[in-house]
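Student: Hello! I am new to this structure and would like to walk through it with you. Could we begin with the overall picture and then look at a few details?

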Amino acid sequence: MNARRSYLRFELIRTVRNRRVLIFSLVFPILIYLIIAAPNKGENNVSGTGISVPLYFMIGLAGFGTINAVLSSGSRIAAERSVGWNRQLRITPLTTREYFRAKIASSYLLAVVSLLALYVAGAAMGVRLPADRWIHMTWLILLGLIPFAALGILLGHLLTADSIGPAIGGTTALFAFLGGSWFPITGGGFIEHLAKLLPSYWVVQASRAGLGAPHPWTSEGWAVIAVWSVVLIALARRAYQRDTKRV
C-alpha cells in the first residue's frame, strides 16, 4: 500500500515540476484569454446577450483549457513508453486500477489549476459571480472531463513521443471547435446534432452554468458523457495492459 501511495505522490510531484506541461496547459489558455478579453474589458453586451466580454470568454476557454490540461497526460505517457518505463511497471505490485488512478489524478491536478488560474484572470477582468454558480460550473466541468482523461491515457499508449504533441493539439482544437468553445453551436442543423454527440459540447455547456443556467445538461448530456467515458476507459485499459505485456 505504501508503494502504491508513493507512486501516486510521485506522479503528482512530477506533474507540477514539468515546466513544459505547465506552460502549455496553464499559461497558453490564460494568454489567449488576456489577449481577447483585456482589450474589450469594458464591453458588457456581447452580440446583444447582455454578457460581458471577460465573462463570455472565460466561460468559453474554461472548456478548452481543461480539456487541453487533461489530454496532456498523453505526452508524459508516450515519453515513458519510449524509455521502457511502462514495461518496468510489470515487476511492481501496481495494479491497472492504481495506475489509472495516478494518471487521472495528475491530469485532474492540471485541470483544476488551469481552471482556478482562469477564474483568477476572469476576476481580475471584472467577472463577478455568486458562489453557487462558481461551484456548479466547476463540478460539472470536472465531471465532463472524465472521457478526456481516459483519452489522454489512450493516446499516450497508442502514439510515439514524436507524434503525440501534434495529435493532442489537433484533438484539443477539433473538440473545442465542434464543442462550441469559440462560438455557440445553434441552428439545429447537422453540426449541432454532431456536436451534441461529443463530450466537449457538454463540457462547454457545463461552463454555461456560470451564466445562471440551472440545468445545463439534459439527459442526453449525461448519457453522452457516460458512454464516452465507459468506451474510452475500456480502450485505454486495454492499451495499457498490452504495453505492459510487451517484451
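Tutor: Gladly! One term comes up at once: helices, of at least four residues, and strands, of at least two, are DSSP runs numbered from the N terminus. Please keep in mind that this is a predicted model.

Student: How many helices and how many strands are there in the chain?

Tutor: Read along the sequence, the chain follows the pattern α-α-α-α-α-α-α-α-α-α-α-α. Counting both kinds of element gives 0 strands and 12 helices.

Student: What percentage of the contacts with a separation of 6 or more comes from residues 24 or more positions apart?

Tutor: An example of two residues separated along the chain is I77 and K103, which are 26 residues apart, with C-alpha atoms 8.8 Å from each other. I77 itself lies in helix α4, residues 73-82. For the chain, with contacts counted at a separation of 6 or more, the share from residues 24 or more positions apart is 78%.

Student: Is T66 buried or exposed?

Tutor: T66 lies in helix α3. Leaving out residues up to four places away in sequence, T66 touches A111, S114, L115, I141, L145 and V203. A polar atom of its side chain also lies 3.2 Å from the backbone oxygen of G63. The cut-off for buried is under 20% relative accessible area, and T66 has 0%, so T66 counts as buried.

Student: How are α8 and α9 oriented, roughly parallel or roughly antiparallel?

Tutor: Helix α8 (residues 146-158) and helix α9 (residues 164-179) pack with their axes 11 Å apart, at an angle of about 150°. Angles over 145 degrees count as roughly antiparallel, so α8 and α9 are roughly antiparallel.

Student: Which residues of α9 make the contact with α8?

Tutor: α8 passes α9 in a right-handed crossing. On the α8 side, the contact is made by F148, L151, L155 and G156. L151 touches T171 and F175, among others, with residues up to four places away in sequence not counted. The α9 side of the contact consists of I164, I168, T171 and F175.

Terms used:
Residues are numbered from 1 along each chain as its sequence is written. This is a predicted model: local features need pLDDT of at least 70, side-chain atom pairs count only at pLDDT 80 or more; totals for chains, interfaces and linings use all residues. Side-chain values use heavy atoms; hydrogens and water are left out. Contact means heavy atoms within 4.5 Å. Buried means under 20% relative accessible area, exposed over 50%, partly exposed in between (1.4 Å probe, protein chains only). A polar contact is a pair of N or O atoms within 3.5 Å; within protein, one must be able to donate a hydrogen and the other to accept it, and residues adjacent in sequence count only if both atoms are side-chain atoms. Axes are lines fitted to C-alpha atoms, for helices over the stretch in contact, and angles run from 0 to 180 degrees between N-to-C directions. Angles under 35 degrees count as roughly parallel, over 145 as roughly antiparallel, 65 to 115 as roughly perpendicular and the rest as oblique. A crossing is left-handed if the near helix is turned anticlockwise from the far one by less than a right angle, and right-handed if clockwise.
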